[in-house]
Amino acid sequence: MNNNEERYLNLLSNTFPTIADAAGEVINLEAIQNLPKGTEHFLADIHGEHEAFIHILKNASGNIKRKVTEIFGNTIRETEKKELCTLIYYPEQKLELIKAVEQDIDDWYHITIHQLVKVCREMSSKYTRSKVRKSLPEEFSYIIEELLHERSEDQDKAAYVAVIVDTIISTGRADDFIIAICNVIHRLAIDQLHILGDIYDRGSGAHIILDTLRQYHSWDIQWGNHDMLWMGASAGNDACICNVLRLSLRYANLTTLEEGYGINLVPLATFALETYGDDPCTEFIPKLLKDAKMDEKTLLLTAKMHKAISVIQFKQEADIFHRRPEWKMEDRCLLEHIDFEKQTCTIDGVAYDMKSCNFPTIDPKHPSEMTPEETDLMKKLHHSFRVSEKLRKHIRTILSHGCMYNICNQNLLFHASIPLNADGTLKEVEILGQRYAGLSLMKYIGQLVRAAFQNDTPNDLKQYAKDYFLYLWCGKDSPLFDKSKMATFERYFLTDVATFKEEKGYYFQLRNSAEVCDRILDAFGIKGDNRHIINGHVPVHASKGENPIKAGGRLMVIDGGFSEAYHSETGIAGYTLVYHSRGFQLVQHEPFTSTQDAILRGTDIKSTTQIVEMSTHRMLVADTDKGRELRAQIEDLKRLLYAYRHGIIKEKRN
């Protein structure tokens, strides 16, 4: 035993000071390895749809409903199963409705508590008592634990269990107990939650989603391009701030900005009215969702604000593109290619007609220069984003729980793509004079993103990192974008729809190839027969027959269009990929009505489950990454036992 190993074992002995302690932990860890694998849920591209997201967490993608059906079968009516499921999903709200109509509430409490205990017992069956105990609320920990492990069917224990339930009710704690045990069921239903990017934009509740995740027991995120935009805005990248505002105005969704983060939009509204007062801003009328209502005055103001921030965005982007010529994006400075007399814009040597050419803040001789009024406005907006404590808190949460990629249980997770060459080999991307591809590219980008938020980052690197948020949003070789261009300018201003086309990178063209997917998995060091790539970003057009399972099962694309803005395009309302001890299941969701409708009428998200891949044996903890960690810990503990028994290290007895 060398000095380093002895020093390590001495440290380990502080946690396990005796032979009994070390041996007991070995027994515990060996036992844990033989439990069923915990259930992982994968979601992508939530885009601010907080009600649907929270409901899917609460119903565990339909798993709780399936468990209730399995447990109670034909012993209770379908309406009672529906009521029980709704109670589990929304205990506080459902209790108030039930108490308003239930004539014998104590009898209802008795029946319901026993039913909830059965569901909770089933959900806890794949975990150790220790893990379940850690999931229990402190005030009811002892009571729930007793009820989970003592059965009323046992005649010797029936009276004991009955008295516990009677006392819960007689002391007026029934409501609190029901809420607590429902929350335990939620927690046990999903062992690990993976978010494959794009919490932000389009929907109105990104801040609510992040508030929910901050309280969630175990989750990770692989950053998406829309997340990166908000991260850049929080870091102080003005082009990102403009893009965040533009997208919010495009979908007439200001709730996250104003109510979520307290961003003051009055200066933008004032500037827009003063600058574009006589401009109908037709191209900038916001896209309203089917049930959204907006009076004409507000609609016109939103359109003017939309145009104002878009023009400033193009100027801010040009400033960065000129500052970073190595990105080769100066051709996207399209304000500089407008012929204001002919009202055309020249792209790749071809002059295209403009829809309109009303730009009161643009000097044709210096089109990308900001006016003093625009500069003053940007200072105010910049300040508003930088001082938002809640935005800063949420971005810190995204940073602490995420990165560009994750490897978990032989699955490679990332939001959009891995840049490839035309032959399917990994493409080298240059950043600050160095070239990176595949794993090294994703790792370095993750470090660069974090550098923008660190106080000890050198100023020049910090400025580059802040600028790079824009490249990650719209750069050709960005793993979060991977297209020839972002045709925002063309869609707003040009008449020829051919200019709108954004050529997808080779990853999207080649991702149905098993050989290409295997090459990517090899590059990330993922071995084994049952390895997969899982990502989102590009909505799967299920209504047109597109299959989310590609490359012979090696790739799963789980962006099914959570956002309402995509429902007509995809024909569904998102996917959840569920990976449990039996294998993979893809759950396809139909549009969610509303939380209120779910509570009042017991409506659930209608979901269709597709078996993707089933294991030949029930997977255990031993088959997972956690199992490998536990085996390493067991080996360390056995070395400690050897050291104790051979007198190399002395036991620390009291």
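How many residues lie between S8 and S9 in their hairpin? Two residues separate these strands, and Asn409 in the turn has a positive phi of about 55°.

This is a predicted model, in which local features need pLDDT of at least 70, side-chain atom pairs count only at pLDDT 80 or more, and totals for chains, interfaces and linings use all residues. Residues are numbered from 1 along each chain as its sequence is written, and side-chain values use heavy atoms, with hydrogens and water left out.

Helices (H or I, at least four residues) and strands (E, at least two) are DSSP runs, numbered from the N terminus. Two strands pair if DSSP finds at least two bridges between them. S9 covers residues 411-414. Its pairings are listed here.

| Partner of S9 | Sense | Bridges | Opposite residues |
|---|---|---|---|
| S8 (residues 405-408) | antiparallel | four | Cys408 and Asn411 |
| S12 (residues 532-535) | parallel | three | Leu412 and Ile533 |

In a regular strand the side chains alternate between the two faces of the sheet. In S9, Asn411 and Leu413 point one way. Leu412 and Phe414 point the other way. All four are buried (under 20% relative accessible area; exposed is over 50%, partly exposed in between; 1.4 Å probe, protein chains only).

**Ser13 in helix H1**

Ser13 sits in helix H1 (residues 3-15). Ser13 is buried, because its relative accessible area is 0%. The Ser13 side chain reaches the backbone oxygen of Asn10 at 2.5 Å. Leaving aside residues up to four places away in sequence, Ser13 touches Leu640, Tyr644, Ile649 and Lys652. Contact here means heavy atoms within 4.5 Å.

Definitions and conventions. Polar contact = N/O pair within 3.5 Å; in protein donor to acceptor, adjacent residues only side chain to side chain.
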